[in-house]
Amino acid sequence: SSLGTASDCFSLANQFSSPPLFQVLKVSHNGQPVTTAYGEITVDGDLQSAEQADIFLIPAIGQHIAAVIKDNQPLLDWLQQQALQGKQQLASLCSAAFVLAEAGALNEHAATTHWALADRFRLAFPRVKLTIEQLVTHDRQILCSGGAQAGVDLCLHIIRLYGGDWLARQVASALVVDYGRGLQTRFVPRLPPPQQQDPALAGLQRWLEQHYAQTVTLEDMAERLHCSPRTLLRRFKEATGLTPNDYLQRVRISAAESRLAESRHTIEQIAAQVGYEN
C-alpha cells in the first residue's frame, strides 16, 4: 500500500508539472518480479539500475521486521555502500526505517518511524537520533516518515523539495489530504488498551470511561475491584503504566477534546461536563 501511495503522489506531481518532474522506477535486488500476499509486482530493474537515482525510497515492510531484514541481505549490503558514498538521498516509509538503520545508514542521523515501534527501534539502534514525534524527518541525505499515511507527508515533502510549495499543495489537494499535518504524537492513543490479562481491571477501565464526570475517589475504584486502595494502585500501575487517577484524568481530557471540537459550549461548560470543578 505504501508503494502504491508513493507512486500516486509522484504521478500526480507529474500531471501538475510541465515537463514531468519525476521518473519513478521500481527495483528489486535482482531485477525479478516480487511476490507479495497481494500479488506479483513487476519491476523496472535491479539494485544496480538504481545507483544513479536521486532518491532511493523503501516502502513499509510491515510487522515481521526481523524476517524481512533476514531475507534482504543483498539490499542491506547495497544500502550500506550507498550511505557511505553519500551520493543519493535514502528514504524510508514507516517501518522501512528498520532497514535503513540495520544497514547503518541512520547512525547519528535524526529519524522517525511508526509511533508504536518506538521502543523496539530505540533498543535495537541506540546510535540513531529517533524523533518519534515527527511525521517526517530530513537529516542531510536521509529522509524518514512515521506510520502509514505519514508516507504521503514524506512524498509531499520530496515534491516540495524538487517542485516547490505550490506543486506539493496541488498534489495534497488532489489526494484530499491536509498539507503540513504537524506532529505524529497527536495520533498516539491517550489511553492504554483494555487489560486482557486482568478482566476485572479492564472492567474498571470501561467503568471510568462511562462515569468520568462523577466525583471518583481511589477508594471508590478499589471498592469496585473488592481490594484495598494500595492493591489497586499496584495492579493498575503494573498493567497500564498509569495510576488510576492518571487514567481518569486522561479519560476526562479525551472527552474534553472531543467536546471542544464538536460543540459550541464554552470551555468552562465543557470542564464541568467532564468532571472539573474549576
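Among contacts in this protein between residues at least 6 apart in sequence, 52% join residues at least 24 apart, a contact being heavy atoms within 4.5 Å. The model is a predicted one, in which local features need pLDDT of at least 70 and side-chain atom pairs count only at pLDDT 80 or more, whereas totals for chains, interfaces and linings use all residues. Residues are numbered from 1 along each chain as its sequence is written, and side-chain values use heavy atoms, with hydrogens and water left out.

**Overall form**

- The protein has 12 helices and 8 strands, where helices (H or I, at least four residues) and strands (E, at least two) are DSSP runs numbered from the N terminus.
- Its radius of gyration is 23 Å, well over the 19 Å that the globule rule gives for 278 residues, so the protein is more spread out than a compact globule; the radius is taken over C-alpha atoms, and the rule is 2.2 Å times the number of residues to the power 0.38.
- Taken along the principal axes, the C-alpha atoms fill a box of roughly 65 × 45 × 35 Å.
- Of the 278 residues, 38% are buried, which is to say under 20% relative accessible area, with exposed meaning over 50% and partly exposed lying in between (1.4 Å probe, protein chains only).
- The protein exposes about 15800 Å², of which carbon and sulfur atoms supply 50%; accessible areas come from the Shrake-Rupley method with a 1.4 Å probe, and for residues only the protein chains shown count as cover.

**Nonpolar cores**

- The largest nonpolar core holds 31 residues, and F56, L79, L106 and F121 touch the most other members; such a core is a set of buried Ala, Val, Leu, Ile, Met, Phe, Trp, Tyr and Cys residues joined through side-chain atoms within 4.5 Å.
- The elements that give two or more residues to this core are β3 (55-58), α2 (65-70), α3 (73-85), α4, α5 (118-124) and β8, and the largest share, 5 residues, comes from α4.
- Apart from this core lies another, of 20 residues, among them M221, L242, Y247 and L248.
- Leaving aside neighbours within four places in sequence, F56 is in contact with V27, L47, A50, L75, W78, L79, Q88, Q89, L90 and A91.

**Salt bridges**

- A search of the whole structure finds 8 salt bridges, each being a side-chain nitrogen of Lys or Arg within 4 Å of a carboxyl oxygen of Asp or Glu.
- R235 pairs with D198, the closest N and O atoms being 3.0 Å apart, and this pair links distant parts of the chain, with R235 in helix α10 (residues 229-240) and D198 in the loop between α7 (165-175) and α8 (199-211), 37 residues apart.
- Within that pair, R235 is partly exposed at 22% relative accessibility, whereas D198 counts as buried at 18%.
- E238 and R234 also meet in a salt bridge, at 3.8 Å from N to O, and because they are 4 residues apart in helix α10, they are separated by about one helical turn; E238 is exposed at 61%, while R234 is partly exposed at 45%.
- R122 forms a salt bridge with D119, with the closest N and O atoms 3.9 Å apart, and these residues, 3 apart in helix α5, are likewise separated by about one helical turn; R122 is partly exposed at 41%, and D119 is exposed at 61%.

**Backbone features**

- A cis peptide bond, with omega about 0°, joins S18 and P19, and P19 lies in the loop between α1 and β1.
- E108 has a positive phi of about 65° although it is not a glycine; E108 is placed in the loop between α4 (97-102) and β5 (110-111) and is partly exposed, with a relative accessible area of 37%.
- R140, also a residue other than glycine, has a positive phi near 55°; R140 sits in the loop between β7 (136-139) and β8 (142-145) and is exposed, with a relative accessible area of 53%.

**Surface and strand β1**

- L21, L161 and Y162 make a nonpolar surface patch of about 240 Å²; patches are made of residues with over 30% relative accessible area and no salt bridge, like charges being joined within 9 Å and nonpolar side chains (Val, Leu, Ile, Met, Phe, Trp, Tyr) within 5 Å.
- V34, in strand β1, is partly exposed at 34% relative accessibility and, leaving aside neighbours within four places in sequence, is in contact with S28, G39, E40, I41 and V43.
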